[in-house]
Amino acid sequence: MLTYLFMLAWLGVTAFTSLPVYMYFNLWTICRNTTLVEGANLCLDLRQFGIVTIGEEKKICTVSENFLRMCESTELNMTFHLFIVALAGAGAAVIAMVHYLMVLSANWAYVKDACRMQKYEDIKSKEEQELHDIHSTRSKERLNAYT
């Protein structure tokens, strides 16, 4: 049961780490497009990400000096790559948990089947022993009958 809970937790971590990757990818795309197209006024509306409420209008536009400095900084690129690594790690943890749960269920089925097989083998050996005892008793009775 604990493994299932951990798997659900890692699934949540994977879902939450995909959101910043999506946001940084959009921001990185806007930054790349502003360097390719001179004079373009591209804006990033923060309402589409749910960062601000619908009533507020917060936009980050490419014509501002802060946006251009942010695009040229190495921190944005490094943060984007670190979020990608976190997403990949969380995805690998989810895959590992699913694999572990599959192996766990297969081993449980094997142990359960082995227990049944052991009971079958015990019953079979007892029956064979009884048949052997009956056969040896009859053989002794036949020998005694001839003497």
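How far apart do the end C-alpha atoms of residues 79-102 lie, and what share of the span is helix or strand?

1. The end C-alpha atoms of residues 79-102 lie 35 Å apart, and the span is 100% helix and 0% strand. The model is predicted: local features need pLDDT of at least 70, side-chain atom pairs count only at pLDDT 80 or more, and totals for chains, interfaces and linings use all residues. Residues are numbered from 1 along each chain as its sequence is written, and side-chain values use heavy atoms, without hydrogens and water.

2. The chain has three helices and two strands, in the order α-β-β-α-α from the N terminus. Helices (H or I, at least four residues) and strands (E, at least two) are DSSP runs, numbered from the N terminus.

3. The unreviewed UniProt entry lists residues 6-25 and 79-102 as "transmembrane region"; such annotations may be inferred rather than shown by experiment. Residues 6-25 are 100% helix and 0% strand, with end C-alpha atoms 28 Å apart.

4. Of the 147 residues of the chain, 18% count as buried. Buried means under 20% relative accessible area, exposed over 50%, and partly exposed in between (1.4 Å probe, protein chains only).

5. Leu8 is found in helix α1 (residues 2-36). Leu8 counts as exposed because its relative accessible area is 52%.

6. Asp133 belongs to helix α3 (residues 74-146). With a relative accessible area of 36%, Asp133 is partly exposed.
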